[in-house]
Amino acid sequence: MVAGALRGWLQDRGVRTPALALRALVPVSMRSEEERGMLGNRLAVFRAPLPVYAHDPVERLRIVREEMAKVKQSKQV
């Protein structure tokens, strides 16, 4: 949804988006089940794709899902 909104906003301002790939920083909780409810934060941040170059919203979703699955499988969050 964000990639689609950014795509429209950029195009309305004359920015060419066909080769443009943006990233968003996404916070991820690193708490274990035992730490749930405790004070303080344990966060990591990773970069998620915002494929503004993709015209089709279903294609944008597919791209984001694939990239996020790779991050989860890598255990590098």
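## Lining of the largest pocket

In this predicted model, the residues that line the largest pocket divide into 13 nonpolar, 1 polar and 1 charged, where Ala, Val, Leu, Ile, Met, Phe, Trp, Tyr, Cys and Pro count as nonpolar, Asp, Glu, Lys and Arg as charged, and the others, Gly among them, as polar. The lining comprises 15 residues, and M1, V2, A3, L50 and V64 lie nearest the centre of the pocket. Two or more lining residues come from each of α1 (2–12), β1 (22–29), β2 (43–50) and α2 (57–74), the helices (H or I, at least four residues) and strands (E, at least two) being DSSP runs numbered from the N terminus.

A pocket here is an open set of points on a 1 Å grid over the protein atoms alone, where a 1.4 Å probe fits, with protein on both sides within 12 Å along at least five of seven lines, and lining residues have an atom within 4 Å of a point.

## Fold and overall form

The protein chain has 2 helices and 2 strands, and from the N terminus on these elements run α-β-β-α. The radius of gyration of the protein chain, taken over C-alpha atoms, is 16 Å, well over the 11 Å that the globule rule (2.2 Å times the number of residues to the power 0.38) gives for 77 residues, so the chain is more spread out than a compact globule. Along its principal axes, the C-alpha trace spans about 50 × 25 × 15 Å.

## Basis of the values

Residues are numbered from 1 along each chain as its sequence is written, and side-chain values use heavy atoms, with hydrogens and water left out. Because the model is predicted, local features need pLDDT of at least 70 and side-chain atom pairs count only at pLDDT 80 or more, while totals for chains, interfaces and linings use all residues.
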